[in-house]
Amino acid sequence: MNMENLKIALLGVSHWHVPLYFAGLPEHSVVAVSDDNAALAARVASRFDCPYYTDEKQMIRDTKPDFVFAFAPHVRMYAVAAYLLEQHIPFTMEKPAGLNRREVETLYNAAEQKKAFCAIPFVWRYSNTVNDLKNRYLSSKIVHMSYKFIAGPPSRYLESSRWMLSQATAGGGCMTNLGVHFIDMALYLTESAGAETLASIYQYGAEYDIETYASSMLRMDSGASLLLESGYAYPMSDEAKRENRWTIVTHDGYYTLAENNLEMRVFGQEPKNVALNTDSDPYYAIFTHTTLQDFASGTRPRASLEEMLAVRTILDEMNAKAESLRRATIG
């Protein structure tokens, strides 16, 4: 199959991630877009000179795409993915793919039964940053990881994705939206299948019922510990969109990554600095292009519903720990 000849549909284009995918799409490949917001759908459709729909099922019936890039409010992701699986249409689905482990597990089982293609944009798996860390720079086994990813305030979702600010429609806040990338990265770097949540504490903004700052401590299957912070707390500017800082401790070294620089301190060696990108945005186009290549060649995606299920399982436990602590504090 030639990926350049694929008919591609974009489903749910009001999602804020959608523009990050554009650069990875083959020219003239998008045949239709859909969204509940007709004005926004029309604006995106004009970019690709294609029709737009407010009913994604009608879009699928009319255009019969070969591949779909699917986006939706978290509360609708399960239904959208289940429909695409039922129609035997290969697709990607934004994380978290469902509101809880049960929904994601149901999708995973259906995809396995149908031998379906579904890729999840855990984009760090597709990055030189993480693959160079894993294969070139980390010189011994990881014993501890600390990831801190703090993005802009929740108000930035008000224009196109207000549903992100409600527990009922998003299923969670910053940890569901941001933290999942680093749960997956920790699983990938330590080659773990799962993790145990030791503690979680979430902070809530007065205007919203989702967490706006979250901290969790986990123990990976490998024995490594993970400290994860995520938040909607960063005053954004044109120059700085977020804070992204990683610390990785190995048996013989200490690695820190921030501001596009990796500092490596290994016992018995002089400290070294190498340039590594810490901005995840460019990797969405790489994910898009690589995913289409994988589909066209019959290759399993680097991140699928199997990896999403592992992350969703851990996330549910983190959320439960945080909610238990919250109830105990209120009580």
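Q: What makes a set of points a cavity here?
A: A cavity is a set of grid points where a 1.4 Å probe fits but cannot get out. In this predicted model, a search of the whole structure finds one cavity of 30 Å³ or more.

Q: What volume does the largest cavity have, and which residues line it?
A: Its volume is about 30 Å³. Leu133, Trp246, Ile248, Tyr255, Thr256, Leu257 and Leu262 form the lining. Two elements give two or more residues each: strand E11 (243–250) and strand E12 (253–258). E12 gives the most, with three residues.

Q: How do the residues of this cavity lining divide into nonpolar, polar and charged?
A: Six are nonpolar, one is polar and none is charged. Thr256 is in the lining.

Q: What makes a space a pocket rather than a cavity?
A: A pocket is an open set of points, whereas the probe cannot get out of a cavity. The largest pocket holds about 700 Å³ of space. It is lined by 33 residues, and the closest to its centre are Trp16, His17, Leu20, Arg156 and Tyr157.

Q: Which elements each supply at least two residues of the pocket lining?
A: They are helix H1 (18–21), helix H2 (38–48), strand E7 (142–151) and helix H8 (174–190). H8 gives the most, with four residues. By class, the pocket lining has 17 nonpolar, nine polar and seven charged residues.

Q: Why is cysteine 50 called buried?
A: Its relative accessibility is 12%. Buried means under 20%. The value of 12% falls under that cut-off, so cysteine 50 counts as buried.

Q: Why does cysteine 118 count as buried?
A: Cysteine 118 has 4% relative accessibility. That is under 20%, so the word buried applies to cysteine 118.

Q: How many disulfides does a search of the whole structure find?
A: It finds zero. A disulfide needs a pair of cysteine sulfur atoms within 2.5 Å.

Q: Where does asparagine 319 lie, and why is it called buried?
A: Asparagine 319 lies in helix H10 (residues 305–330). Its relative accessibility is 18%. The cut-off is under 20%, so asparagine 319 counts as buried.

Q: Which residues does asparagine 319 touch, not counting residues up to four places away in sequence?
A: Asparagine 319 touches Gly171, Thr176, Tyr202 and Arg312. To count as a contact, heavy atoms must be within 4.5 Å.

Conventions. Residues numbered from 1 in each chain as written. Predicted model: local features only at pLDDT ≥ 70, side-chain atom pairs only at ≥ 80, totals over all residues. Heavy atoms only, no water. 1 Å grid on protein atoms, 1.4 Å probe; cavity = no way out; pocket = protein on both sides within 12 Å on 5 of 7 lines; lining within 4 Å. Points joined across faces, edges and corners; volume = space filled by probe spheres on them. Nonpolar A, V, L, I, M, F, W, Y, C, P; charged D, E, K, R; others polar. Buried < 20%, exposed > 50% of the residue type's maximum accessible area, 1.4 Å probe, protein only.
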